[in-house]
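Hello,

Here is the structure we spoke about, with its sequence. My notes follow below it.

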Amino acid sequence: MFTGVWLIMRNDFKNILIMNPYGIGDVLFTTPLVANLRLCWPQAKIAYLANRRTADFLRSQPGIHQVLVYERDEFAGHFSKYIELWQNIRQQGFDGVFDFSLNSGLGFLCAASGIRRRIGFDYRKRGKFLTDRLDLAGYEGRHVIEYYLDLLRLIDVPVQTNRMTLDIPAQELQWAKDWIKKQAIDPAKPLIAVLPGGGASWGQSAGLKRWGASKYAHLIDKIVENFDAAVILMGDPKERELCREVAGETNFPVYFAVGETSVLGMAALLTQCRAAILNDGGPLHVAVAVGVRTISIFGPVDPAVYGPYPVADHLVVRKNLPCQPCYRRFRMARCGHINCLGELSVDDVYRKVQGIL
């Protein structure tokens, strides 16, 4: 009895900070943790430290009360920015932080700000400022979400849900419906989203995660020809050229929404689709979070770790070469061929599509 009361008092959070300054998928992977925190402490305030790209959609999420922006490139060489962030964190009076940054500098800021409980992963000895830590060599063998939920288990918080969530504001849903109506898309046709880009968090290496544009074009032709489907090409503004290449090689017209949406607008448009076909990357996890069935294409990355989760209602296409996955422990092995994607044929992916349409 005494032990149970002590645990409740020790973990009685009223003001929580979550830190994850990485990509869209990484942030969505934390949403089950946020949901469990809300179930355990419904009155607690939750703030989120994120990069600028994910901060926009986090601000609209009902479980998040405040968003702090941390852009690593903007902070590099600017000590005054760290001082400003430290002052901001200290003034908030957080009593707990869940730190997914794997960054000892941010860990130090939290410790120096007086946050009582600092929970996270000790990756390459970067967790020295954490009060509660789990050793981490890399995410391997099971999904990242399960690793994240381990931090709740570490401090004896019950895990009641493991599903990602993304709340879409009503105005975004209405925009998506209006956009489809404006395109005069036949409502009788199955609507399929195709996203040939993705992988923005990999920067200049994003192409290593992308299936070929011409293959996407041939896949679209097979889908339209055999299922009389309507296809929407989607992506962010930087992917316009890639998507124009795909559209230029198709024999059937496609609807072009590339660069026309925010993350939430993309999510809203995805909810109007029967399925989404896309590469490994943030848009995949947006689709999963809003309940859209997906056919995802994986090359260097392990879908058991970074793929759709839970896997029900989703199909993964991969070549299953002996060298896969070659992205391990946050490092990409040297590879001069990327045969895991190069040898993946249109028919390989089309067979999976047939399982959903």
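**Thr 250 and its surroundings**

The side chain of Thr 250 has a polar atom 2.8 Å from the backbone oxygen of Ala 247. Please keep in mind that this is a predicted model. Thr 250 sits in the loop that runs between α11 (240–249) and β9 (255–256). With a relative accessible area of 12%, Thr 250 falls under the 20% cut-off and therefore counts as buried. Apart from neighbours within four places in sequence, Thr 250 is in contact with Ala 217, Ile 220 and Asp 221.

**Helix α8**

The buried ones are Val 144, Ile 145, Glu 146, Tyr 147, Tyr 148, Leu 149, Asp 150, Leu 151 and Leu 152. What do the buried residues of α8 pack against? Their partners are the helices α2 (24–28), α3 and α14 (303–306), together with the strands β4 (96–99), β5 (117–123) and β6 (132–136).

Asp 150 belongs to this helix. Asp 150 has a relative accessible area of 16%, so it counts as buried. Its side chain and that of Arg 142 are joined by a polar contact of 2.3 Å. Not counting residues up to four places away in sequence, Asp 150 touches Leu 134 and Arg 142. Just after α8 comes Asp 156, which takes a positive phi of about 65 degrees.

**The nonpolar cores**

In soluble globular proteins, nonpolar side chains tend to be buried together. Here the largest nonpolar core has 77 residues. Which of them touch the most other members? They are Ile 18, Phe 98, Tyr 139 and Leu 270. Leaving out residues up to four places away in sequence, Tyr 139 touches Phe 121, Val 144, Tyr 147, Tyr 148, Val 305, Tyr 306 and Phe 330. Another core, of 33 residues, lies apart from the largest one, and its members include Ala 213, Val 224, Ile 277 and Ile 297.

Helix α12 is mostly covered, with 8 of its 9 residues buried. These are Val 263, Leu 264, Gly 265, Met 266, Ala 267, Ala 268, Leu 269 and Leu 270.

Cys 273 is found in the loop between α12 (263–271) and β10 (275–279). Is Cys 273 buried or exposed? Its relative accessibility is 9%, so Cys 273 counts as buried. Cys 273 and Pro 190 are 83 residues apart along the chain, yet their C-alpha atoms are separated by 7.4 Å. Beyond its neighbours within four places in sequence, Cys 273 is in contact with Leu 191, Ile 192, Ala 193, Ile 232 and Val 292.

**Ser 296 in strand β11**

Ser 296 is part of strand β11 (residues 293–297). The relative accessible area of Ser 296 is 0%, so this residue is buried. From C-alpha to C-alpha, Ser 296 and Leu 278 are 5.1 Å apart in space, and in sequence they are 18 residues apart. Leu 278 is also among the residues that Ser 296 touches, along with Leu 284, Pro 308, Leu 315, Val 316 and Val 317, when residues up to four places away in sequence are not counted.

**Empty space**

Rolling a probe the size of a water molecule over the atoms shows where empty space is left. How many cavities of 30 Å³ or more are there? The count comes to 1. The largest cavity has a volume of about 60 Å³. Its lining is made up of Asp 99, Leu 102, Asn 103, Ser 104, Gly 107, Phe 121, Arg 126, Gly 127, Phe 129 and Leu 130. By class, that lining has 4 nonpolar, 4 polar and 2 charged residues.

The second largest pocket holds about 200 Å³ of space. It is lined by 13 residues, and nearest its centre lie Thr 31, Val 34, Gln 61, Gly 63 and Thr 165. Helix α3 (residues 31–40) gives the most to this lining, with 4 residues. The lining of the second largest pocket divides into 6 nonpolar, 5 polar and 2 charged residues.

Regards

Key. Residues numbered from 1 in each chain as written. Predicted model: local features only at pLDDT ≥ 70, side-chain atom pairs only at ≥ 80, totals over all residues. Heavy atoms only, no water. 1 Å grid on protein atoms, 1.4 Å probe; cavity = no way out; pocket = protein on both sides within 12 Å on 5 of 7 lines; lining within 4 Å. Points joined across faces, edges and corners; volume = space filled by probe spheres on them. Helix = DSSP H or I, 4+ residues; strand = E, 2+ residues; numbered from the N terminus. Nonpolar A, V, L, I, M, F, W, Y, C, P; charged D, E, K, R; others polar. Buried < 20%, exposed > 50% of the residue type's maximum accessible area, 1.4 Å probe, protein only. Polar contact = N/O pair within 3.5 Å; in protein donor to acceptor, adjacent residues only side chain to side chain. Contact = heavy atoms within 4.5 Å. Core = buried A, V, L, I, M, F, W, Y, C linked by side-chain atoms within 4.5 Å.
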